[in-house]
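Welcome! Take a look at it first, and then we can walk through some of its parts together.

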Amino acid sequence: MTVEDNTGSALELRRRQLKSQPSTLHTRRQQAVCVRRAYKRYGTKKNPFVILDGLNMTVPKGSIYGLLGASGCGKTTLLSCIVGRKRLNSGEIWVLGGTPGSKGSGVPGPRIGYMPQEIALYGEFSIRETLLYFGRIAGLTKEKIEERLEFLVSFLMLPDANRLVKILSGGQQRRVSLASALLHEPELLILDEPTVGVDPLLRQNIWDHLVNITKGGNTTVIITTHYIDETRQASIIGLMRGGYFLAEESPERLLAQFNAETLEDVFLKLSVIQNMGRRRRSSILQEVTETIQVPSGVVNEAAVLDEEGEISGEFGDNVSMSSRGGRVSITPVVKDTEPSMPELPPEEQSPTECMDYFKVIKMHHMQALIWKNFLWMWRNIPVMLFIIGLPVAQIILFCLSIGHDPYDLPVSIVNFELDQKEECHKGISCNSTRLSCSYLNHPFKFSANYKKLQNYFDTINEAKDSVIRGKSWAVIIVPHNYSDALRERLEAWRYASEWDIEYSSVEVYQDKSNENIGNFLKVYLYETFQKFIQDYLKSCDIDERVVSLPIRIEEPVYGYRHPNFTDFAAPGIILTIIFFLAVALTSGAMLIERNEGSLERSLVIGINGIEILFAHVITQFVVMVGQSIMVLIFSFAVFNLTLNGNIFLVALLTMMTGLCGMCFGFVVSCVCDTERTATYMAMGSFLPMVMLCGIIWPIEGMHQILRIISLFLPLTKSTESLRSILMRGWGFAVSSVYIGFISTVIWIVVFLTFSVLLLKFKKG
Ligand SMILES: Nc1ncnc2c1ncn2[C@@H]1O[C@H](COP(=O)(O)OP(=O)(O)OP(=O)(O)O)[C@@H](O)[C@H]1O
């Protein structure tokens with residue numbers, strides 16, 4: 001044969017392959033599942049990891065379709081796309097006549113029964129409760145669920161239905177998972193490796209059952225398995241490799257065509273052919289159609305519509321595909337120019353109006369979800385007690401640890417007014433020659449806080465050394481003749497001598513490395529001196545006001561003469577505790593549900609993200625109300641924090657902030673895929689929020705830009721509002737109060753909208 005002859009026949013062959021498919025939209029919709037030109041990649045566009053590369057698949061109604069392929073070839077990915085949980089990058093999928101995920105297609109929904117590869121069950125539920133949950137979602141009555149439960153437990157040889165899933169063996173758990181998929185007798189059953197870990201007898205029973213339910217033609221099964229030969233009972237098997245099907249045929253025809261004993265052999269031969277194709281692209285078609293005679297049915301005719309329906313084969317519809325991924329390509333086809341390509345179906349519409357999203361909420365779904373969430377809590381009572389107890393523990397810690405004056409701080413004193421070994425005594429008299437003792441032992445603040453740890457030294461150097469070595473916070477030096485000098489200074493006033501002024505002053509050397517302690521000590525010394533000197537003048541029958549600062553600080557309009565930091569920080573701390581615990585609780589619950597796979601199963605059976613979200617809002621809200629009540633009781637009844645306003649307003653704002661935290665938790669769980677990233681995000685937002693929302697430091701003391709930023713944070717206005725209610729006793733009519741409520745509502749709406757959008761668009 002000459003080169004020209006070869007080229008000519010190859011061209012002829014290509015033309016033959018390019019013959020348009022007789023498939024039509026109508027016939028595609030008639031199939032249980034029809035996949036055309038599916039392309040799916042993970043990774044980035046630049047660095048793609050192609051999983052499906054122009055794959056075609058046709059699953060006729062009433063058939064059992066065995067999806068075979070090596071581990072990691074993309075079976076689960078394909079199934080996820082079929083059930084609408086992942087999206088193709090390009091290509092078309094029809095499932096039960098509609099496009100998965102589109103309005104009115106019923107997919108995802110109870111028309112499908114899905115058994116994912118992971119166990120995807122709630123460990124804390126019993127077998128009965130598991131089936132009750134999935135049955136309720138599918139809209140079955142309790143009686144029907146009980147009837148099916150009885151059948152499935154005996155058919156799948158399950159133990160007592162009241163046993164918890166988490167204490168079942170791996171194989172038993174898989175069977176409960178299979179029972180959950182079979183429970184509502186769906187039209188399309190998608191089973192991802194249902195027979196792993198199942199004993200041969202039960203495996204045979206399962207296959208017999210599948211054959212039985214598909215007999216009537218109303219149920220279709222797609223099943224993946226690693227035991228290739230068990231698919232002999234399937235009506236069609238699709239052998240997947242390299243992102244597409246090597247063949248899609250009935251097992252009998254495949255065995256006959258390849259003259260093989262087992263399906264493993266067939267797979268092997270097809271794989272060899274595929275590998276040859278990779279080496280010699282141009283000659284593959286010739287080899288397939290000429291050298292290897294057997295696959296003729298698989299190769300060409302399979303693509304042709306026969307009486308049984310439209311069957312696609314590797315060299316059928318796939319022929320008209322691109323050559324992405326370097327796979328064997330008979331000829332590349334530009335979609336637009338292909339004359340006989342059936343017109344693409346108009347995309348079924350997703351909900352477009354806002355209200356459409358709320359119409360998707362179904363009562364029986366909500367009931368099942370709320371029941372499931374409460375049951376989960378009931379089964380995890382220690383966890384729940386911890387969750388409710390945690391904010392209480394935090395508020396107790398806050399009230400006991402923050403805002404109190406430091407006490408028992410050691411100070412060193414060198415008192416030159418005292419004789420050797422003389423002790424300082426309390427008490428004040430007009431003629432006292434030991435006024436320094438009266439001052440330092442005055443029962444007002446200084447002595448009250450430092451008395452226990454006043455250490456007397458003989459020399460200044462020794463005393464200073466104690467500060468240098470960190471043994472005390474300050475050295476107070478009282479000069480000789482302090483009392484006389486002070487008396488003289490008071491009496492002579494403007495005529496006081498230099499000597500009197502010098503000797504009537506105590507010297508203080510402080511360790512100011514700790515700003516708070518340094519300031520407290522300074523204030524204590526000032527205030528105690530003020531008190532002491534007034535008492536001294538009184539003892540001399542002199543009006544004590546002459547030595548008071550000529551500024552009268554009257555009773556404050558709001559707050560106390562001596563406000564404490566606890567009252568300042570409490571509003572922000574209460575809101576922060578409730579907000580961030582709600583974030584942790586909600587994002588944790590959502591991520592556990594998602595990562596255990598149970599969420600995936602619920603979504604496939606028809607629950608949608610919005611229902612899950614609202615069910616969590618309801619159940620978590622109950623928890624959060626419990627947390628808020630406990631926190632408020634401990635704050636105001638036990639620790640007597642200042643509460644001048646209406647407690648109902650306080651409770652309302654606290655709960656709204658908790659709701660806001662829950663909504664932020666939903667955003668976190670939608671954005672993050674793992675608990676670790678969610679923890680980073682929650683922690684990453686915690687500190688900025690605490691720093692910028694005026695919780696521990698007034699916003700008025702921040703950098704200008706941060707002051708503006710803080711206005712746009714969820715806890716700023718609510719903290720301000722709560723502070724005004726608590727400290728000023730203001731009501732809802734005052735702007736700084738109602739702005740806090742408005743800001744919280746706005747943040748709830750923003751976070752909820754974000755979550756809904758993320759749930760809607762973050763797929764696959
Ligand atoms: N979300 C993802 N991101 C990146 N790669 C993924 C993702 N999901 C799956 N893959 C990769 O895609 C490939 C196909 O995975 P898939 O789970 O579909 O295979 P499979 O045929 O079901 O395998 P098995 O039979 O072992 O379950 C694997 O290499 C897997 O690592």
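A helix here is a DSSP run of type H or I with at least four residues, and a strand is an E run of at least two, numbered from the N terminus. Please keep in mind that this is a predicted model.

**Spans annotated in UniProt**
- An unreviewed UniProt entry places the feature "transmembrane region" at residues 568-592, 613-641, 647-668, 680-699 and 737-759.
- Residues 737-759 are 100% helix and 0% strand, with end C-alpha atoms 34 Å apart.
- The span 568-592 is likewise 100% helix and 0% strand, and its end C-alpha atoms are 37 Å apart.

**Helix H27**
- Helix H27 covers residues 716-728, and its 13 residues should span 18 Å at 1.5 Å a residue; the 17 Å between its end C-alpha atoms agrees with this.
- How many of the 13 residues of H27 are buried? The count is 12, so H27 is largely enclosed by the rest of the structure.
- Among the buried residues of H27 are Thr716, Lys717, Glu720, Arg723 and Met727.
- Packed against the buried residues of H27 are helix H21 (565-595), helix H24 (647-671), helix H26 (704-711) and helix H28 (735-761).
- Just after H27 comes glycine 729, with a positive phi of about 70 degrees.

**Helix H14**
- Helix H14 (residues 381-401) has 21 residues and reaches 29 Å from its first C-alpha to its last, close to the 30 Å expected at 1.5 Å a residue.
- Where does H14 bend? The bend, of about 30 degrees, is at glycine 389, and proline 391 follows within four residues.
- Proline 391 is also buried, as are Ile387, Ile395 and Phe398 of H14.
- The cover over the buried residues of H14 includes H21 and helix H23 (609-638).
- After H14 comes glycine 403, whose phi is positive, near 95 degrees.

**Around the ligand**
- The residues around the ligand are Tyr42, Phe49, Ile51, Gly69, Ser71, Gly72, Cys73, Gly74, Lys75, Thr76, Thr77 and Gln117.
- Strand E2 (48-59) and helix H3 (75-82) are the elements that give two or more residues to this shell.
- Which element gives the most to the shell around the ligand? That is H3, with three residues.
- By type, the shell around the ligand has four nonpolar residues, seven polar and one charged.

Note on methods
Residues numbered from 1 in each chain as written. Predicted model: local features only at pLDDT ≥ 70, side-chain atom pairs only at ≥ 80, totals over all residues. Near = placed C-beta within 6 Å. Nonpolar A, V, L, I, M, F, W, Y, C, P; charged D, E, K, R; others polar. Expected span 1.5 Å × (residues − 1). Buried ≥ 20, exposed ≤ 12 C-beta atoms within 10 Å, placed from the backbone. Contact = placed C-beta atoms within 7 Å. UniProt positions renumbered as here; feature names shortened; annotations may be inferred. Bend = angle between axes of the 7 residues up to and from the residue.
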